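Welcome, and please have a look at the model below before reading on. The notes after it are grouped by topic so that you can follow them alongside the coordinates.

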Amino acid sequence: DTRLIVGCSGNGGSGRGTAIEILVPGQSTREKGAIIEVFTTGGSTTSQSADLAFSTAKSGTYAEQMRIDEDGNVGIGTASPGVNLHIQSSTSHGEVTIESATGSSHSAQLHLIGDSSGWSKINLGDNNDGNIGLIAYSHASNYLVLHTNNAERMRIDSTGNVGIGDTSPSYQLELSTNSAAKPTSTLWTVPSDERLKDDIVLADL
């Protein structure tokens, strides 16, 4: 049986070029199961730019599933990847699963390794704003920040001090305003804030 067909079209401009058709075995009609195809994106016969696309068949319908563009960016579910790896779903949730082997206390891990003077970031975006939420670590100053609605809300500095609404916390926990409260009452069981006391005398330790 014929299992592989290589075809070539195009004349050096933009468009489809060489294609490898992988056939479904045992089919007398040469039914294609998958296609690997070169898409020329410009240039001349001596200086070409091209993408490499991978398509699969489902119920007789062919659809592109992955593309490596001329810059080496990989797109899964998109023909126009804008970054090193771009995954897009057109029908449902966009999901990525990292699963470890079972047993021996194996871990599932995601490593974000930035330059020593740069950042490691997780952008939490939507279709209107690509980074409206953000978790970021500064390698230059060794602090962690949390953003919501495009603004920093919390910071853990290099010593472990936490600032809420405060970018330079001097204490283990520092708030930018006097707005702390209990969820069910405005009273604390053991009030120890000096603002609630009179005639404070420092202990002779």
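Predicted model: local features only at pLDDT ≥ 70, side-chain atom pairs only at ≥ 80, totals over all residues.

Residues are numbered from 1 along each chain as its sequence is written, and side-chain values use heavy atoms, with hydrogens and water left out.

**Overall make-up**

- The protein has 13 strands and zero helices; here helices (H or I, at least four residues) and strands (E, at least two) are DSSP runs, numbered from the N terminus.
- Along the sequence, the pattern is β-β-β-β-β-β-β-β-β-β-β-β-β.
- Of its 205 residues, 18% count as buried, where buried means under 20% relative accessible area, exposed over 50% and partly exposed in between (1.4 Å probe, protein chains only).
- The accessible surface comes to about 15,300 Å², and 50% of it belongs to carbon and sulfur atoms; these areas come from the Shrake-Rupley method with a 1.4 Å probe, and for residues only the protein chains shown count as cover.
- Among contacts with a separation of 6 or more, 10% are between residues 24 or more positions apart; contact means heavy atoms within 4.5 Å.

**The six-stranded sheet**

- Six strands form an open sheet in the order S8-S9-S10-S11-S12-S13, with mixed pairing; two strands pair if DSSP finds at least two bridges between them.
- The edges are held by S8 and strand S13 (173-175), each with a single partner strand, so one side of each is left without a neighbour in the sheet.
- On average, neighbouring strands of this sheet are turned by 15° against each other, direction ignored; the axes are lines fitted to C-alpha atoms, for helices over the stretch in contact, and angles run from 0 to 180 degrees between N-to-C directions.
- As background, strands of a sheet pair through backbone hydrogen bonds, either parallel or antiparallel.

**Two hairpins**

- S10 and S11 are antiparallel and share five bridges, with Leu 144 standing opposite Ile 156 in S11.
- Two residues lie between the strands of the S10 and S11 hairpin, where Asn 149 takes a positive phi near 50°.
- Strand S11 (residues 151-156) and strand S12 (residues 162-164) also run antiparallel, joined by three bridges.
- Ile 156 has a bridge partner in S12 as well, namely Val 162.
- The hairpin of S11 and S12 has five residues between its strands, and Gly 160 in the turn shows a positive phi of about 100°.

**Rings and charges**

- Trp 119 lies in strand S8 (residues 119-124) and Tyr 143 in strand S10 (residues 143-148), so the pair ties together parts that are 24 residues apart in sequence.
- Trp 119 counts as partly exposed at 39% relative accessibility, whereas Tyr 143 counts as buried at 16%.
- Lys 121 lies over the face of Trp 119, 5.5 Å from the ring centre.
- The charged end of Arg 67 sits over the ring of Phe 39, at 4.5 Å from its centre; such a placement requires NZ of Lys or CZ of Arg within 6 Å of the ring centre and within 35 degrees of the ring normal.

**Single residues to look up**

- Ser 55 belongs to strand S4 (residues 47-58) and is buried, with a relative accessible area of 14%.
- Beyond its neighbours within four places in sequence, Ser 55 is in contact with Ala 34, Ile 35, Ala 63, Glu 64 and Gln 65.
- Most residues other than glycine have a negative phi.
- Ser 104, however, has a positive phi near 60°; Ser 104 is placed in the loop between strand S7 (85-87) and S8 and counts as exposed at 67% relative accessibility.
- Asn 150 also has a positive phi, of about 65°; Asn 150 is in the loop between S10 and S11 and counts as partly exposed at 43% relative accessibility.
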